[in-house]
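Welcome! Please take a look at the protein chain shown here, and then let us walk through it together, topic by topic.

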Amino acid sequence: MQQNSKSWLMLLGVALLSSLMTLGLYKLVGFDRRNVFLQEGADNQKNITQLARKGFEGGTPDFVQVAEKTTAGVVHIMATFGGNNGASRKQEQGGRGNMPDLFKEFFGEGEDFFNPRQRGGKSQGSGSGVIISKDGYIVTNNHVVGDATEIEVILQDKRTYKAEIVGTAPATDLAVIKIKETNLPIVAFGNSDNVRVGEWVVAVGNPFNLESTVTAGIVSAKGRNLDILRQKDKAPIESFIQTDAAVNPGNSGGALVNTKGELIGINTAIASPNGSYAGYSFAVPSNIVKKIVKDLIEYGTVQRGYLGAQIRQLDGNLAKEKGIKNITEGVYIESLQPNSAAKDGGMQSGDIVIGIDGRKIKSSPELLEEIARKRPGDKLAILINRNGTEKTLQVTLKNENGNQELSAKSNNSDNLLQKLGLELAEITTADKQAVNVDNGVKVVKILNGKVQKQTEMRENFVITKVGGNPVKNVEDFIQKVKNIKGGVFVSGFYAGEEEEYYYAFGK
């Protein structure tokens with residue numbers, strides 16, 4: 001028994017000695033876990049503090065000051081769609097049953113982003129807008145007001161005005177409207193090129209409850225392409241600023257501002273499974289907005305320049321497919337259109353665009369954004385990589401028709417037909433015989449506009465009456481439509497068919 005006790009004591013002593021030696025060794029070589037843990041914590045905290053100070057040079061953003069500077073310049077917009085004679089809106093603003101699949105997937109199955117509400121034969125939607133001039137020009141989203149028959153603007157101080165559409169740009173989901181007032185508060189434009197990923201931004205809206213909302217977040221990404229505007233335009237321009245500032249229904253068309261209170265974007269969309277904010281929102285950069293607004297105010301239409309090239313974004317997979325070495329960023333020129341600006345400027349299939357006017361180009365959205373800021377006739381210095389060698393080409397942009405001319409400033413008649421999306425012609429003797437009528441106008445083309453969106457009208461339709469009154473010629477049609485308040489009701493015939501057709505649409 002005594003021998004066993006001695007053995008246990010010896011074992012205990014050896015174990016204790018081993019523990020002390022191990023502890024001493026850890027301290028000797030610096031492996032004291034407690035010290036390592038505490039030291040790491042102290043270093044990390046120091047680094048975090050330094051990083052925070054670096055990120056907030058000049059102090060933490062004063063969101064109160066930003067809100068006070070911008071909220072008065074953001075308005076609430078109520079838009080009415082459809083009108084008399086049973087005219088009604090058929091696109092996404094008409095309610096969730098008619099919302100296109102693309103917008104259902106993007107906005108969710110709940111309320112539309114701008115909160116439409118059906119009322120009898122009409123539908124209503126609401127959104128926000130940003131005052132950009134003291135004399136009443138307001139920028140908002142095309143999907144908020146694009147097909148509206150009536151627009152009401154409510155300022156932050158609850159003053160209410162009727163507004164008119166100055167022009168729309170479906171390719172960028174922008175629109176300009178105007179109210180008759182002076183000395184209005186505005187939100188000044190900032191430079192969206194200076195926006196950096198990670199910086200603080202503030203989203204300002206004026207939703208359907210008529211009270212301004214201000215939310216803060218950071219820029220999550222730039223140059224985002226969501227492919228949500230393709231249904232609106234055959235050549236959409238998407239290069240969104242992505243943020244995590246909360247943007248909910250009713251805030252569409254509102255302002256995205258920096259910490260100086262400068263406008264750096266127009267809030268346009270949210271990524272959401274249910275129609276409400278769920279993490280990310282997207283804004284059209286202010287440098288695109290500025291150019292589109294200027295075009296719409298000066299010309300009534302967007303003066304858009306075209307490069308005339310089929311493009312693909314370069315990445316590792318495409319580089320491997322095309323045998324491109326040592327470069328995986330830029331825009332690959334797949335093919336060129338005949339008589340295009342790109343072809344005339346010396347570009348070739350297989351070129352990789354890596355810069356425009358000194359700005360580095362990494363993606364297709366960045367390329368489209370640069371071109372969207374230009375007009376036909378504007379020159380670009382395009383830096384390309386061709387077979388491993390860089391060179392700069394001077395390219396002069398053209399318009400959709402293949403020349404460098406600007407579109408003439410639209411008069412009232414042109415504006416009306418453009419909004420309707422109609423190209424009309426006087427009917428010939430052959431037309432009269434084909435449809436057995438004595439008067440009317442012929443629909444030569446149906447373009448992107450209210451008639452296309454709200455009716456099933458086909459080309460070559462002969463309009464014989466507007467609101468039940470005979471139509472003599474194109475000018476008579478325009479005048480009759482102008483004199484109608486609310487929805488427009490037209491009737492007429494197709495060649496080879498005896499049945500009279502009726503169509504209704506908003507003006």
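Predicted model: local features only at pLDDT ≥ 70, side-chain atom pairs only at ≥ 80, totals over all residues.

Residues are numbered from 1 along each chain as its sequence is written, and side-chain values use heavy atoms, with hydrogens and water left out.

**Confidence in the model**

- Residues 83-120 also have pLDDT under 50, but for this stretch the model has 117 contacts beyond four places in sequence.
- Over the chain, the mean pLDDT is 80, and 75% of the residues reach 70 or more.

**The chain as a whole**

- The chain has 13 helices and 25 strands; helices (H or I, at least four residues) and strands (E, at least two) are DSSP runs, numbered from the N terminus.
- The chain has 507 residues, and 48% of them count as buried. Buried means under 20% relative accessible area, exposed means over 50%, and partly exposed is in between (1.4 Å probe, protein chains only).
- If we take the contacts between residues at least 6 apart in sequence, 62% join residues at least 24 apart.

**Strands that pair**

- Two strands pair if DSSP finds at least two bridges between them. Strands β8 (residues 200-205) and β9 (residues 213-224) run antiparallel and are joined by six bridges.
- Within this pair, valine 204 has valine 214 in β9 as its bridge partner.
- β9 also pairs with strand β10 (residues 240-243), in the antiparallel sense and over three bridges. There, alanine 221 stands opposite glutamine 242 in β10.
- Strands β18 (residues 379-386) and β19 (residues 389-396) are antiparallel too, with eight bridges between them. Leucine 380 faces valine 395 in β19.
- β18 and β19 form a hairpin with two residues between them, and asparagine 387 in the turn has a positive phi of about 55 degrees.

**Buried places**

- Which residues does glycine 217 touch, leaving out those up to four places away in sequence? They are Glu199, Trp200, Val201, Asp244 and Ala245.
- Glycine 217 sits in strand β9 and counts as buried because its relative accessible area is 4%.
- Asparagine 267 belongs to strand β12 (residues 263-271). Is asparagine 267 buried or exposed? Asparagine 267 is buried, because its relative accessible area is 2%.
- Not counting residues up to four places away in sequence, the residues that asparagine 267 touches include Asn141, Ala203, Val204, Phe282 and Ala283.
- Helix α9 (residues 364-372) is mostly covered, with eight of its nine residues buried. Among them are Pro365, Leu367 and Ile371.

**Two exposed asparagines**

- Asparagine 183 has a positive phi of about 55 degrees although it is not a glycine. You can find asparagine 183 in the loop between β7 (174-178) and β8, and it counts as exposed because its relative accessibility is 64%.
- Asparagine 326, also not a glycine, has a positive phi of about 65 degrees. The loop between α7 (316-322) and β15 (331-336) holds asparagine 326, which counts as exposed because its relative accessibility is 84%.

- β6 gives the most to the lining of the second largest pocket, with five residues.

How values were computed:
pLDDT = per-residue confidence, 0-100. Contact = heavy atoms within 4.5 Å.
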